[in-house]
Amino acid sequence: MTIIRIHPAIAALTASLCLGVSTAQAEVFVQCPGDTNGDAVIDTPDPNHPNAVCKHLTGGDGFVTMADGRPLYMFGFSDVTGLAPTAVMSAGDLAANFPAPTLSFKEGDEVYLTLTNVGMAMRPDLFDPHSVHFHGFPQAAPVYDGVPDSSISINMGASLSYYYNIVEPGTYMYHCHVEATEHMQMGMLGNLYVHPRQNGTAYTYQGKAYTTFVYNDGDGSTGYDVEYPIQIGSFDHNFHDASQAVQPLPFADMRDTYPMLNGRGYPDTINPNALPAPADNGGKVSQPVSSLITATAGQKILLRISNLNVTRFHTLSLLGLPMKVVGSGARLLRGPDGKDLYYATGSVTLGGGESVDVLVDTTGAAPGRYFLYTSNLQLLSNNVEDFGGMMTEIVIN
Amino acid sequence: MKRLHMKIMPRLVAALWLLIGLTSGNAWAVIDGLTGANFTLTAKAGYIATPDGNSVLMWGYANGAGLMQYPGPTLIVNQGASVTITLNNTLAVPVSIVFPGQQGVTTSGGTPGVLTAEAAPGGSVTYTFTAARAGTYLYHSGTRPDLQTEMGLVGALIVRPTAADPLHQAYEHANTHFDREYLFLLTEMDKTVHEQVEFGQMNSVDMTKYHPTLWFINGRNGPDTLAEASVPWMPHQPYNTLPRMHPGEKLLMRVIGAGRDLHPFHHHGNHALLIARDGRLLESTPGAGPDLASADFTVKVVPGETYDAIFEWTGKGLGWDIYGTGPDYAHNCTDGNGDSFDDATSEYCPDHGKPLPTSLPNQLDLTFGGMWTGSPYLGLMGALPPGQGGMNPSAGFTYMWHSHTEKELTNDDLFPGGMMSMLIIEAPGVPIP
């Protein structure tokens with residue numbers, strides 16, 4: 001193989017040309033094959049990219065409401081897919097969601113994900129870039145990995161399109177990697193998972209037919225009926241308040257006071273609806289994701305559990321129903337020669353950046369409410385409220 | 001955090017600029033340490049440097065009459081060897097060494113202690129064991145270990161297998177082959193403890209108030225992790241952490257939880273196959289090889305545990321040609337053996353010739369990383385604005401390897417730093433010593 005290196009003179013010329021035409025940039029710019037009007041929706045499928053999937057996110061700031069009623073300032077993403085480019089900046093303003101909009105893809109997709117940085121309305125002194133880090137993406141290349149040291153990050157008022165050729169199913173996660181400790185504590189975290197090619201094929205496993213699976217297992221052993229992403233997260237209100245008040249940020253003393261699942265503390269976790277929009281957001285809903293899990297007795301529930309908090313490990317326990325872990329780190333739990341490494345358990349422990357796929361078989365379970373909660377029991381709290389925090393319910397009908 | 005960020009950046013730049021000089025120094029190729037079967041360690045005091053400009057009193061194991069070092073010397077022995085370690089003590093308190101994972105450790109000399117025989121102040125003690133099983137282990141003080149391990153009396157022990165090529169195999173089984181290996185010994189620190197010891201308040205130390213603010217890989221905080229090994233301005237922290245490899249190679253990560261906290265060690269770039277834990281191959285029956293291994297993108301590092309994981313990267317399936325397309329980037333992908341990869345470069349041939357799927361934004365819309373080369377392609381430089389980039393002279397693909405408890409990416413309240421390092425995938429042909 002021969003690699004021809006760019007002659008320095010050509011590189012310099014290219015640089016000068018790029019700089020020479022660079023006066024009219026900084027605009028919302030979506031790259032999406034088959035999208036004719038820039039709204040990240042495919043209008044005429046491109047025959048060269050029949051499996052293209054497009055998304056458009058904004059990165060900015062906003063507010064969320066903790067389960068004890070406290071509003072907190074945050075940084076975050078929001079979904080502007082479907083909006084005309086001219087509508088994106090105002091739609092993304094103070095629109096940060098927690099968790100970030102859930103991204104769900106399927107194996108074989110060609111994902112074109114555009115990130116537009118709308119800036120921080122509450123912090124005009126900041127000029128932070130943002131990025132999307134597809135955490136766990138296999139065989140990643142720096143250009144689309146979103147790590148600021150190794151790559152490029154997008155400045156305010158402009159757009160960067162990421163490309164992911166999706167070849168491995170599983171439960172991933174995503175977050176902004178710019179000034180990671182700060183931007184992640186501030187809330188730029190979200191669920192991301194990939195369905196396998198095997199979906200749609202029927203397999204019968206232990207007498208039950210399935211058409212949806214966690215992985216390409218070849219035998220139906222990861223079949224499930226309903227799925228729920230559950231992302232562990234937590235906020236330190238002192239850190240968020242310091243950010244809003246333009247004060248030095250307490251990195252060393254960071255101590256999370258609001259343990260959450262999918263951006264809410266109990267009992268907000270079981271509210272099936274979006275939480276009301278915080279007043280400071282101007283009517284924009286920021287916590288749309290419920291963690292209420294419902295199933296009919298006999299169904300198999302898939303819990304896609306990930307942890308993106310930035311301060312500690314967490315254990316989640318499930319009271320009264322069995323858990324079986326069939327995947328970890330977006331991989332089927334099987335050895336190199338195919339040995340089954342699934343395991344039954346009553347709890348899972350995850351550090352930041354870890355994920356597991358848990359099947360909950362409700363066969364024979366009595367109808368009622370079952371609790372998925374942290375057995376780090378001091379975290380069943382919403383700051384000083386000592387009942388709440390990192391817990392949700394599974395309702396069996 | 002603009003102001004703090006700007007304060008730390010010059011140090012980051014300085015550390016990364018060392019990469020410019022990376023053509024020399026064979027210290028980068030293998031795990032630094034002492035080889036043999038007979039070692040003399042000396043417990044000593046000294047000061048380490050942290051990137052926030054501080055220095056911290058440590059106790060550490062020195063090699064013979066050498067300098068106190070943090071962590072202690074990495075002891076590299078052969079499976080089956082009878083290992084003898086003599087510990088001399090220059091500290092004012094008794095010290096010792098325990099060897100978790102080793103069986104049949106005997107002692108001679110010294111004074112009786114709770115966990116093992118100890119060297120009294122000014123005294124010595126000798127430990128002997130047979131390194132019966134290959135693998136990655138640690139050693140640390142067995143005397144008031146909550147304090148003494150925090151003070152720095154900790155190190156790594158590597159047992160090379162009885163195998164045809166023990167320098168490229170982690171265990172006896174051939175499926176544990178690797179091309180390169182790197183050590184990741186993870187620790188944290190509460191500097192208040194060290195200040196109390198320094199000012200004669202050792203017995204006032206209250207470990208229930210333990211509050212770490214510094215996080216280390218191989219005894220250095222980021223970005224010092226990236227500086228070369230044995231640099232003169234960190235005489236007590238000789239070990240660096242800068243893994244480098246070519247596409248298609250196997251990199252063995254030897255990871256040790258050498259402190260008291262759990263750390264989720266996230267290796268960007270690809271999954272790694274966890275083949276062993278605590279020096280025990282994950283196999284269903286003896287001799288089966290790592291058939292119970294599984295791949296993950298994070299190593300869950302528990303205190304006192306060790307891990308061996310094999311990391312590979314080729315860029316397979318990215319859907320675009322990592323060496324570029326068009327006349328400026330002409331190259332071949334030759335797959336003679338039918339494995340879908342170029343026989344020499346490990347390029348994934350099904351992606352050969354596929355153009356980069358997106359255009360990159362205008363330069364004024366971007367913030368550039370110091371290791372960004374201006375080009376999305378491996379081994380190639382592109383155009384960058386003046387003053388940008390420059391920390392990646394061979395234009396490798398770089399990936400952060402770090403604790404995903406992101407709080408730990410700080411140095412005593414300053415971001416960035418802490419428990420972080422960078423992997424460099426070097427283009428084929430770039431020499432890696």
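Over which residues of chain A does pLDDT stay under 50?

**View 1. How confident is the model along its two chains?**
This is a predicted model in which local features need pLDDT of at least 70 and side-chain atom pairs count only at pLDDT 80 or more, while totals for chains, interfaces and linings use all residues. Residues are numbered from 1 along each chain as its sequence is written, and chains are lettered from A and ligands numbered from 1 in the order in which they are written. The answer to the opening question is residues 1–24 of chain A, for which the model has 34 contacts beyond four places in sequence. Here pLDDT is the predictor's confidence in each residue, from 0 to 100, and two residues are in contact if their C-beta atoms, placed from the backbone, lie within 7 Å. In chain B, pLDDT stays under 50 over residues 1–29, with 45 contacts beyond four places in sequence. Chain A averages 94, and 94% of its residues score at least 70; chain B also averages 94, with 93% of residues scoring at least 70. The model scores ipTM 0.93 and pTM 0.94.

**View 2. Chain A meets chain B.**
Look here for 69 residues from chain A and 75 residues from chain B, which make up the contact. On the chain A side, α1 (8–20), β4 (110–119), β6 (152–154), β7 (159–165) and α3 (180–185) each supply at least two residues. These labels follow DSSP runs, with helices (H or I, at least four residues) and strands (E, at least two) numbered from the N terminus. By class, this side of chain A has 36 nonpolar, 22 polar and 11 charged residues; Ala, Val, Leu, Ile, Met, Phe, Trp, Tyr, Cys and Pro count as nonpolar, Asp, Glu, Lys and Arg as charged, and the others, Gly among them, as polar.

**View 3. A strand pairing between the chains.**
Three bridges join β6(A) to β20(B) (residues 366–368), and the two strands run antiparallel. Strands pair if DSSP finds at least two bridges between them. Find S153(A), and its bridge partner in β20(B) is T367(B).

**View 4. An open sheet in chain A.**
Five strands line up in the order β14-β23-β22-β16-β20, with mixed pairing. At the edges stand β14 (293–295) and β20 (347–350) of chain A, each with a single partner strand, so one side of each is left without a neighbour in the sheet. Within this sheet, β22(A) (residues 368–374) and β23(A) (residues 391–396) run antiparallel and are joined by six bridges. Opposite F371(A) you will find E393(A) in β23(A).

**View 5. The enclosed strand β15 of chain A.**
Eight of the eight residues of β15(A) (residues 300–307) are buried, so the strand is largely enclosed by the rest of the structure. A residue is buried if 20 or more other C-beta atoms lie within 10 Å of its own, exposed if 12 or fewer, and partly exposed in between, with C-beta atoms placed from the backbone. K300(A), L302(A), R304(A) and S306(A) point one way, and I301(A), L303(A), I305(A) and N307(A) the other. Seven bridges link β15(A) in parallel to β12(A) (residues 226–235), where Q231(A) has S306(A) as its bridge partner. With β21(A) (residues 354–361), β15(A) pairs in the antiparallel sense over eight bridges, and K300(A) stands opposite D361(A).

**View 6. G388 of chain A in its loop.**
G388(A) is found in the loop between β22 and β23 of chain A. This glycine is buried, with 23 other C-beta atoms within 10 Å. Leaving aside neighbours within four places in sequence, its contacts include A67(A), Y266(A) and L380(A).
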